[in-house]
Amino acid sequence: DVMGPLADAVGVESFLERTVQRSGEQATYSPRIGIETDVIPDWTRVRSGTYLEPTRFSQNAKGGRTHFTFGFDQRLFRWEVFGLWTEGTTWMLSASLDLARDYASSGIGVGIWH
């Protein structure tokens, strides 16, 4: 991802605190790489990746941070939900994790397997 420079932009915290901490004065680049594979074909998919989150603040002494991401999709069972979905609809469970310095995010979801 490439994020271009902004004129007169401030961060959310700066805005809420009514101070001026400029954000995005320079263009930034965020390289990303990842891989996904079927551990058990047509049953379990896993994925992993990493990316650099550059800082948009010149005053940030810590600089950018590297994220490590993980996730999986697990095929569950067929169920048409009392005829609301088409015949043969197969459900799945998904989970994700994103870790970095001073940051962690996770998610879990139920969806349709494709």
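This is a predicted model: local features need pLDDT of at least 70, side-chain atom pairs count only at pLDDT 80 or more; totals for chains, interfaces and linings use all residues.

Student: How many salt bridges does a search of the whole structure find?

Tutor: A salt bridge is a side-chain nitrogen of Lys or Arg within 4 Å of a carboxyl oxygen of Asp or Glu. The search finds seven of them. One joins the side chains of R47 and E36, at 2.8 Å from N to O. R47 lies in strand β4 (residues 44-53) and E36 in strand β3 (residues 32-40), so this pair ties together parts that are eleven residues apart in sequence. Strands here are DSSP runs (E, at least two residues) and helices likewise (H or I, at least four), numbered from the N terminus.

Student: Which residue forms a salt bridge with D42?

Tutor: That is R75, with the closest N and O atoms 2.8 Å apart. The pair links distant parts of the chain, 33 residues apart: D42 sits in the loop between β3 and β4, and R75 in strand β5 (residues 65-78). D42 counts as partly exposed at 46% relative accessibility, whereas R75 counts as buried at 15%.

Student: What is the N to O value for R101 and D102?

Tutor: Their side chains meet in a salt bridge at 3.9 Å. R101 is partly exposed, at 36% relative accessibility, and D102 is exposed, with a relative accessible area of 62%. Elsewhere, salt bridges that share partners join E36, R45, R47 and D73 into one network.

Student: Now for the buried charge. Where does D98 lie, and which side chain of opposite charge is nearest?

Tutor: For charge, Lys and Arg count as positive and Asp and Glu as negative, while His and the chain ends are not counted. D98 lies in strand β6 (residues 90-100). D98 is buried yet has no salt bridge, and the nearest side chain of opposite charge, R32, is 7.6 Å away.

Student: Which side chain makes a polar contact with the side chain of D98?

Tutor: A polar contact is a pair of N or O atoms within 3.5 Å; within protein, one must be able to donate a hydrogen and the other to accept it, and residues adjacent in sequence count only if both atoms are side-chain atoms. For D98, the partner is the side chain of H67, at 2.7 Å. Leaving aside neighbours within four places in sequence, D98 is in contact (heavy atoms within 4.5 Å) with residues including Y51, F68 and Y103.

Student: Which residues make the nonpolar surface patch?

Tutor: V10, V12, F15, L16 and V20 make a patch of about 550 Å². Patch residues have over 30% relative accessible area and no salt bridge; like charges are joined within 9 Å, nonpolar side chains (Val, Leu, Ile, Met, Phe, Trp, Tyr) within 5 Å. Accessible areas come from the Shrake-Rupley method with a 1.4 Å probe, and for residues only the protein chains shown count as cover. L16, in helix α1 (residues 12-17), is exposed at 64%.

Student: And where is G34?

Tutor: G34 is in strand β3 and counts as exposed at 60% relative accessibility. Leaving aside neighbours within four places in sequence, G34 is in contact with S48 and G49.

Terms used: Residues are numbered from 1 along each chain as its sequence is written. Side-chain values use heavy atoms; hydrogens and water are left out. Buried means under 20% relative accessible area, exposed over 50%, partly exposed in between (1.4 Å probe, protein chains only).
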